[in-house]
Amino acid sequence: MIATIRAEWRKSRFRPAFLIGTGLLGALTVLAYGVNWYLAHHPGSAERPVSILSLYPDQFVATVLGAGFPLGAAMAIVVGAIYAGSEFGWGTLKTMFTQRPGRLTVWAGRMTVFAAWMLIMTLVLFAIGAASSVVVATFESHVITWPAAIDVAKGIGAIWLIFTVNGAIGMALGVLIKQPAAALGVGLVYLLSVEIIAVRFVDALNNGAYKWIGNLFVNQNASALLQSFTPARNASAISAEQAVIVLAAYGIGLVVIAAGLLRLRDVT
Amino acid sequence: MENTTVVETHSLTKRYGSGVLAVDSVDMSVQRGEVYGFLGPNGAGKTTTLRMLVGLIRPTSGTATVAGQAPGHPNGLKRIGSLIESPGFYPYLSGRENLRVVADLAGVNQRRVDEVLDVVELGTRAHRKFGTYSTGMKQRLGVAAALLKDPDLLILDEPTNGLDPQGMAEMRKLIKDIGQGDRTVLLSSHLLGEVEQICDRVGVISNGKLVKQSTVQELLGEEGVLVRAQPIDQANEILSRMFGADAITRQDGALHLKTRPAQSMEINRQLVAAGIGVSELRPFERSLEEVFFQLTGEKQGS
């Protein structure tokens with residue numbers, strides 16, 4: 001298992017999909033801070049003007065969470081689909097499966113490294129968010145105070161969980177469809193439209209009698225988890241604890257389904 | 001390896017979901033230390049059979065034992081090096097980095113990477129990205145990866161595919177070299193000359209069925225002498241007296257004798273002494289190509 005993780009890390013550390021995905025997420029975080037900073041000083045006729053206070057270091061966790069979802073989740077789907085799907089096109093799956101480790105060991109190693117990459121993406125997101133908030137505070141001559149370490153840790157944990165689960169969606173689709181382009185397309189369409197439409201439909205049925213079904217969709221729980229960090233605005237019927245359990249169940253379920261497909265299907 | 005049989009299959013069959021019968025009840029055996037040629041036209045079932053042997057696809061029925069284990073078993077895989085169809089590597093990594101990934105997976109010391117790069121003569125170009133490699137370099141890297149484990153059994157699927165004549169000659173020499181000693185090589189090919197030059201034994205597969213398995217010599221048949229003479233009936237009578245009627249077959253207006261070519265001088269002397277005109281007298285040996293077309297039912301030149 002250790003050897004498999006080492007091999008996965010060796011091939012993934014310079015993988016363009018991870019490097020570009022992480023870099024892009026960091027750049028978008030900087031952009032979000034820059035645009036919000038501008039809007040805070042030039043509110044125009046905006047219905048919900050941006051408060052400069054939300055851009056200071058003591059609020060950076062909430063701001064970063066906003067950048068992490070759904071944008072970061074979409075990035076995780078793309079990276080996951082490329083990570084799993086391109087192995088089929090390159091023929092590298094057969095190279096891996098004809099070495100010593102069994103298929104499930106190889107898959108476990110892949111998931112471990114993927115989860116590590118999602119953590120790296122999360123840490124980069126938080127580091128750039130923190131740095132951006134310091135830049136804003138410095139230019140605004142505002143005193144720099146940081147949120148409690150436990151809140152930062154919880155935020156990192158929440159975003160990492162959301163990235164990993166959405167990445168698992170991309171990976172499972174990559175394994176199912178056996179190629180990256182269609183997998184990431186299907187994943188993004190699900191994230192950005194199918195789930196939203198489905199939840200609205202289910203919620204509208206029989207005066208909301210089936211709302212509980214809507215509350216089981218993956219990114220409803222991701223939203224609820226992030227809303228729990230801003231209790232004043234928290235209107236979700238899903239508790240943070242339930243959201244964590246549902247997201248973890250999705251992550252484990254997707255990984256197990258993909259493992260089953262890899263184990264049982266022929267590699268042609 | 002204790003057992004001398006390295007690869008053994010019994011009624012190995014693969015039928016795809018579409019109903020296509022790719023491999024049909026193949027019984028093959030490969031012995032330790034030999035270079036075994038798996039010969040067949042394109043689409044005959046060679047690659048499907050090899051994929052089953054390394055555990056990439058599951059047989060519909062039948063069994064196989066490879067390096068003493070069921071196909072795909074980790075204990076078997078650690079003794080098998082394989083290159084199935086085109087080499088599968090990461091295009092954004094260098095040749096050397098790709099081999100390091102494979103070495104990690106195979107549990108092989110990283111020092112072995114440079115050793116196998118030297119064997120395939122890629123050492124000076126190993127820093128280049130795999131995506132920039134020529135077909136020949138990719139094939140060489142594939143062979144290097146297959147050699148990483150210093151395997152008892154090497155399975156190579158059409159290793160000269162896409163190579164130019166010089167590359168093919170170099171690859172053939174390389175395979176001959178690495179097939180020395182106790183190592184077993186199972187080589188699939190549709191190139192008859194390649195198999196004839198490299199292999200000790202061959203299995204011929206056609207339409208999914210193994211139609212022949214023997215040594216190359218057995219496949220080509222016994223040596224003989226071809227005689228073209230007039231009148232041919234009289235020549236046949238004389239030669240029957242000399243070698244027996246069973247030793248002679250008549251084909252395309254010539255007589256094929258199962259005898260050593262060294263007898264040619266005596267044959268000529270007897271026929272001329274009997275007043276028979278001899279227009280052609282030469283050693284006769286069937287080419288692997290003739291045998292192949294006869295076994296597979298393919299038409300020459302088609």
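**Confidence**

The model as a whole comes with an ipTM of 0.84 and a pTM of 0.83. For chain B, the mean pLDDT is 86, with 96% of its residues at 70 or more. Within chain B, helix 3 (residues 95-106) scores highest, at a mean of 94, while helix 11 (residues 288-296) has the lowest confidence, at 73. Where pLDDT is low, the predicted coordinates should not be read in detail.

**Overall layout**

Chain B contains 11 helices and 14 strands. Its C-alpha trace spans about 75 × 45 × 40 Å along the principal axes. Of the 302 residues in chain B, 41% count as buried. If you look at contacts in chain B between residues at least 6 apart in sequence, 69% of them join residues at least 24 apart.

The chain splits into two domains: domain 1 of chain B covers 5-219, and domain 2 of chain B covers 222-285. Taken over C-alpha atoms, the centres of these two domains of chain B are 44 Å apart.

**The open sheet**

Six strands of chain B make an open sheet with mixed pairing, in the order 6-7-8-4-9-10. Strand 6 (80-83) and strand 10 (209-215) of chain B sit at the edges with a single partner strand each, so one side of each has no neighbour in the sheet. From one strand to the next, the twist averages 15°.

Inside that order, strand 4 (residues 35-39) and strand 9 (residues 201-206) of chain B pair in the parallel sense, over 4 bridges. One residue pair to click on is B:Leu39, whose bridge partner in strand 9 of chain B is B:Val204.

| Helix of chain B | Strands of chain B it meets | Angle |
|---|---|---|
| Helix 11 | strand 4, strand 9 and strand 10 | about 40° with strand 9 |

Keep in mind that helix 11 of chain B is also where confidence in the chain is lowest, at a mean of 73.

**Cores and a buried helix**

The largest nonpolar core has 137 residues, and those with the most contacts inside it are A:Ile162, A:Leu247, B:Ala144 and B:Leu187. Helix 3 (residues 60-90) of chain A contributes the largest share of this core, with 17 residues. Apart from this core lies another one of 9 residues, including B:Val225, B:Leu255, B:Ile267 and B:Leu271.

What does B:Ala144 touch, leaving out residues up to four places away in sequence? The contacts of B:Ala144 are B:Leu99, B:Val116, B:Leu117, B:Val119, B:Val120 and B:Leu122.

Helix 1 (residues 46-53) of chain B is worth a look too. Since 8 of its 8 residues are buried, helix 1 of chain B is largely enclosed by the rest of the structure. After helix 1 of chain B comes B:Gly55, with a positive phi near 85°.

**Meeting chain A**

How many residues of chain B are in contact with chain A? There are 24 of them, in contact with 24 residues of chain A. Helix 2 (74-77) and helix 3 of chain B each supply at least two residues of the side that touches chain A. Helix 3 of chain B gives the most to that side, with 6 residues.

Note on methods
Residues are numbered from 1 along each chain as its sequence is written. Chains are lettered from A and ligands numbered from 1 in the order in which they are written. This is a predicted model: local features need pLDDT of at least 70, side-chain atom pairs count only at pLDDT 80 or more; totals for chains, interfaces and linings use all residues. pLDDT is the predictor's confidence in each residue, from 0 to 100. A nonpolar core is a set of buried Ala, Val, Leu, Ile, Met, Phe, Trp, Tyr and Cys residues joined through C-beta atoms within 7 Å. A residue is buried if 20 or more other C-beta atoms lie within 10 Å of its own, exposed if 12 or fewer, and partly exposed in between; C-beta atoms are placed from the backbone. Two residues are in contact if their C-beta atoms, placed from the backbone, lie within 7 Å. Two strands pair if DSSP finds at least two bridges between them. Axes are lines fitted to C-alpha atoms, for helices over the stretch in contact, and angles run from 0 to 180 degrees between N-to-C directions. Domain bounds come from an automatic or database domain assignment.
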